[in-house]
Amino acid sequence: MTEITRTKAALAVFVLTLAPALSHADTAPAAASGSGAALLSAKPLLQPQYPSVKVDEYKEADVWGRIRTGYAIPDMSNALVAKHVNYYSSRPESLVRISDRASRYMFHVVQELEKRNMPTELALLPIIESAFNPQANSSAAAVGLWQFMPGTGRDYNLKQNSFKDERRGVVASTDAALSYLQKLYTMFGDWPLALAAYNWGEGNVQKAIKKNQELGKPTDFESLAELMPAETRNYVPKLQAVKNIIANPAQYNVALPVIDNTPYFTAIDKTGDIDLTLAAQLAELPLEEFKALNPQFNRPVITGGEKTKILLPKQNAEKFHLNLAQWGRALSSWTTHTITGARESITSLASRFNTTPEVIRQANNLPARTALAAGSTILVPKISASAHTDIADSVVDNARIAFAAERVARPRSEKMTRAQRLKARASEAVASIKSRVASKRSTRAVRTVSPGKKLRNG
C-alpha cells in the first residue's frame with residue numbers, strides 16, 4: 001500500500017456551498033417491499049450490470065479519472081441541469097473546501113462502488129448531500145456524508161446511541177448507502193428514479209408513478225418531476241451538473257486537483273476502551289484529522305473491543321501500533337454512572353468523581369443549568385476501583401440521557417411570585433423539550449419525520 005497524499009491543489013470551481021445537506025423522507029418498510037413490482041410491471045427490474053474491473057487495471061493517476069471511466073447512468077440535459085452547472089462552476093471557493101474533505105473518502109467510495117458493479121458517478125452524490133462533510137446535519141435530523149435519517153439508519157444496521165452514531169461513520173454509512181441505492185434500483189429499474197426515491201422516499205415515488213400510470217402518462221424521472229417537491233425535482237439535475245463538470249473540467253474552466261488513486265486510510269483493531277484524544281496522540285495525528293476519519297464517536301472515549309475499528313492513514317496506523325506497544329499505562333480515563341435519583345446533581349457527581357461540573361457536562365454534551373432524570377447514564381472520570389474496567393457493550397447499547405427541571409430549594413414560608421411561577425413553568429417546559437430531543441438521539445428513539453421528508457437515509 002503506497003503512502004497516501006492529500007489533495008495537492010485547491011479544487012477550483014464547481015460546487016459551492018452546495019445547498020445544505022438535503023434531507024430524505026423515510027418510508028415504512030412495508031411500502032418499500034410490497035407494491036413496488038406491481039406498480040412498475042411495465043418496467044423490468046434490473047440489477048446493474050457493468051464489467052468488473054480490478055483496481056490495478058486502472059491507468060488513471062487520480063480518482064477523478066477513475067470515476068469518469070465508470071460513468072454508467074444515462075445523461076440528462078435540460079434547463080435545470082444548465083442552471084446547476086452555472087451555479088457550481090461560478091463558485092470555485094466552495095470546491096476548495098469540498099475537495100479537501102473528499103480527498104479522505106473518495107477512493108474508498110469509488111472502490112466500494114466498483115465492488116458492487118455500480119455506476120461510479122454515484123461517488124459524487126455526497127457532494128450534493130453533505131458537501132462531503134461527515135458532521136453535516138439537516139433540519140430533518142439527517143446526518144453524515146450520505147445524510148441518513150435515524151429510522152433508515154437503523155434499517156441498515158447503523159448503530160445510534162449516546163457513544164456512537166454510525167450514520168457518520170465513513171465505512172459503515174457508505175456500505176449502508178450503497179445497499180440502499182441498490183435496493184432502490186432493483187425496485188425501480190432506473191437510476192434517476194432510484195435517486196429520486198433516495199431523496200424523497202420510495203413510497204412517494206411509487207405513488208407518483210401510479211398517478212401517472214392512471215393518467216396514461218410516462219413514468220420516467222422528468223415526466224414525474226412536476227409531482228415532486230422542488231428539492232427532489234432538482235436532485236438528479238444537480239448530480240448531472242456535477243457529473244458534467246467532472247467529465248470535462250476544462251470546458252468549464254475548472255482545474256481539478258489530483259486525488260491520488262490509492263487508499264487514504266486503513267482500518268485497525270483496538271483491544272479495549274481508549275480515550276479519543278489518546279488515540280490521536282498515539283497515532284501522531286492532529287485531533288481534528290482523527291475526528292474527520294472517525295466522526296461516528298460522540299464521546300471522549302471510544303468503547304468496544306476489536307469489533308470497533310479506527311481509521312488512520314497507513315503511516316499513522318504503523319505509528320499507532322508502535323506507540324501503543326510502548327505506552328504501558330491506562331488507555332481510558334472514563335467510565336459510566338447511572339443516575340439513581342434527584343439527589344444526584346451534576347455538582348454532587350463532580351465532587352464524588354474528583355472533577356468539575358464543567359468537565360462532566362462537556363463529556364456528555366449536557367446543556368448548562370439542566371438536571372438529569374433518574375435512569376440517565378453518563379460518562380464520569382474513572383476512580384481507582386474502576387481504573388482497569390472497560391464499559392460493557394450492553395451499557396453502551398442501552399445508555400440514554402433524560403433531563404429533569406432543575407429546581408431551586410426555598411424556605412417553606414417563602415411563596416413564589418407570579419413571575420417566579422412563570423419562570424419555573426418555562427424551565428420545566430424547556431427541560432421537557434430537551435429530554436425529548438435527547439430521546440430522539442438515543443438508540444431507542446421513536447422515528448419521527450416532518451411531512452414530505454424521507455424516512456430513508458436522512
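Tutor: Helices and strands here are DSSP runs, a helix having at least four residues and a strand at least two, numbered from the N terminus. The model is a predicted one.

Student: Where does Gln147 lie in terms of these elements?

Tutor: Gln147 sits in the loop between α6 (125-130) and α7 (150-155).

Student: What is the general idea when reading phi?

Tutor: Most residues other than glycine have a negative phi. Gln147 is not a glycine, yet its phi is positive, about 55 degrees. Asn365 also has a positive phi, near 55 degrees, and is likewise a residue other than glycine.

Student: Where is Asn365 placed?

Tutor: Asn365 is in the loop between α17 (357-364) and β6 (371-372).

Student: Is Gln147 buried or exposed, and is Asn365 buried or exposed?

Tutor: The cut-offs are under 20% relative accessible area for buried and over 50% for exposed. Gln147 has a relative accessibility of 0%, so Gln147 counts as buried. Asn365 is at 52% and therefore counts as exposed.

Student: How does Lys164 read by that rule, buried or exposed?

Tutor: Lys164 is buried, because its relative accessible area is 16%. Lys164 belongs to the loop between α7 and α8.

Student: Which residues does Lys164 contact, leaving aside neighbours within four places in sequence?

Tutor: With those neighbours left aside, Lys164 is in contact with Lys159, Gln296, Phe297, Asn298 and Thr308.

Student: Next, helix packing. How should I read the pair α5 and α8?

Tutor: Start with the axes, then the handedness, then the residues. The axes of α5 (residues 92-115) and α8 (residues 170-188) come within 11 Å and cross at roughly 35 degrees. The crossing of α5 past α8 is right-handed. On the α5 side the contact is made by Tyr105, His108, Val109, Glu112 and Leu113, and on the α8 side by Val170, Val171, Thr174 and Leu178.

Student: What is the make-up of that contact by class?

Tutor: The contact of α5 with α8 has 6 nonpolar, 2 polar and 1 charged residues.

Student: And how many cavities of 30 Å³ or more are there?

Tutor: A cavity is a set of points where a 1.4 Å probe fits but cannot get out. The count is 2 cavities of 30 Å³ or more. The second largest cavity has a volume of about 40 Å³.

Student: Which residues line the second largest cavity?

Tutor: Its lining consists of Lys270, Thr271, Gly272, Ile274, Phe320, Leu324 and Leu331. By class, the lining of the second largest cavity has 4 nonpolar, 2 polar and 1 charged residues.

Notes. Residues numbered from 1 in each chain as written. Predicted model: local features only at pLDDT ≥ 70, side-chain atom pairs only at ≥ 80, totals over all residues. Heavy atoms only, no water. Axes fitted to C-alpha atoms, helices over the stretch in contact; angles between N-to-C directions. Left-handed = near helix turned anticlockwise from the far one by under 90°. Contact = heavy atoms within 4.5 Å. Nonpolar A, V, L, I, M, F, W, Y, C, P; charged D, E, K, R; others polar. 1 Å grid on protein atoms, 1.4 Å probe; cavity = no way out; pocket = protein on both sides within 12 Å on 5 of 7 lines; lining within 4 Å. Points joined across faces, edges and corners; volume = space filled by probe spheres on them. Buried < 20%, exposed > 50% of the residue type's maximum accessible area, 1.4 Å probe, protein only.
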